[in-house]
Amino acid sequence: MVAAVFHLPREADSAAPTAPVHAHAKAPAAAASAAPTRPVKAARAPRDFSGLWLRIVPPLLGFGLLLLVWELVAARSGGSFPGPAETWTQAVTVFADPFYSNGPNDQGVGWNVLASLQRVAVGFGLAALVGIPAGFAVGRSVFLARMFNPLISLLRPVSPLAWLPIGLLVFKGANPAAIWTIFICSIWPMVVNTAVGVQRVPQDYLNVARVLKLSEWKVITRILLPAVLPYVLTGVRLSVGTAWLVIVAAEMLTGGVGIGFWVWDEWNNLNVKHIIIAIFVIGIVGLLLEWLLMSLAKHFTFED
């Protein structure tokens, strides 16, 4: 009883201050709900420059090493071989007016590059029109594969300069002979890569087409072409590089307007600076052609 008498007032006293505590607790909640909320800004992740460093610094070091070796060779040549600074000064003069024309044998570097690209476009286009369908035929038919594989293996390693006299003899002209040389040298990568791509198409796809009784045209357009397209683009990329290599060698021998003829003409004039400039122009144009075809191939490649 005594415990009960003394505990009851403590419970009452402890219960008394709890009411105002709850009352005061509700006020901040109401005030918080009435106040406008501000969006919390997410913390920005620190930028990672390691990938950028790996993309920029190694190429700069490579070009720096090239310039260093070039300068050392020029210094040891006794003035017969121009250095980077002299070549750069001459290049500024050459590209100040790249499209001048003082006759058929004296034209700017721009006209020479455009003439070479025109020949490459014609020869390469003809090779694509013949080589890609031929690759499909060789890949689809075992008989044709056994028939043409020995011929392809025999003719593919032949040097471009060996085909040029044949073109001069048959076509009786320098320009058609150069286009013929580009055609015969750039057709083989397209034929081989297309045929390999057709042969690697899963047999299950062709079995389904046989069950559905699809025509040969639908088999080629609906099944083979999407599966073989990456191989075709690889062959095209290899062929355009071959075509650009061939045209320089062909134009050195056939003459006329073209980057290859420009190199040979400057050698006859003992203008080594122009020869070095032409080497860089040939490399840059080939690099751009390669980059364009690789960008095109990425749109048709489904691998990660």
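Predicted model: local features only at pLDDT ≥ 70, side-chain atom pairs only at ≥ 80, totals over all residues.
Residues are numbered from 1 along each chain as its sequence is written, and side-chain values use heavy atoms, with hydrogens and water left out.

The secondary structure consists of twelve helices and zero strands, where helices (H or I, at least four residues) and strands (E, at least two) are DSSP runs numbered from the N terminus. Of the 304 residues in the protein, 31% are buried, a class defined by a relative accessible area under 20%, with exposed meaning over 50% and partly exposed lying in between (1.4 Å probe, protein chains only). Among the contacts (heavy atoms within 4.5 Å) with a separation of 6 or more, 68% are accounted for by residues 24 or more positions apart.

Helix H10, which spans residues 216-254, contains 39 residues, yet its end C-alpha atoms are only 44 Å apart, short of the 57 Å that a straight helix would reach at 1.5 Å a residue; the expected span is taken as 1.5 Å times one less than the number of residues. A bend of about 55° is found in H10 at Leu 225, with a proline, Pro 226, following within four residues, the bend being the angle between axes fitted to the seven residues ending at a position and the seven starting there. Just after H10, Gly 255 adopts a positive phi of about 80°.

Ser 116, located in helix H5 (residues 109-140), is buried with a relative accessible area of 0%, and, when residues up to four places away in sequence are not counted, Ser 116 touches Trp 244, Ile 247, Glu 251, Gly 258, Ile 259 and Gly 260. Val 201, placed in the loop between H8 and helix H9 (203-211), is likewise buried, at 7% relative accessible area. Under the exclusion of residues up to four places away in sequence, Val 201 touches Leu 224, Ala 227 and Val 228, and the C-alpha atoms of Val 201 and Leu 224, 23 residues apart along the chain, are separated by 7.1 Å.

Helix H6 (residues 142-155) packs with helix H8 (residues 174-199) at an angle of about 145°, their axes lying 11 Å apart; axes are lines fitted to C-alpha atoms, for helices over the stretch in contact, and angles run from 0 to 180 degrees between N-to-C directions. In this pairing, Ala 145, Ile 152 and Leu 155 of H6 meet Trp 188, Val 191, Val 192 and Gln 199 of H8.

Positive phi values also occur in loop residues other than glycine. Lys 172, in the loop between helix H7 (160-171) and H8, has a phi near 60° and counts as exposed at 67% relative accessibility. Leu 270, in the loop between helix H11 (259-268) and helix H12 (272-298), has a phi near 55° and is exposed, with a relative accessible area of 64%.
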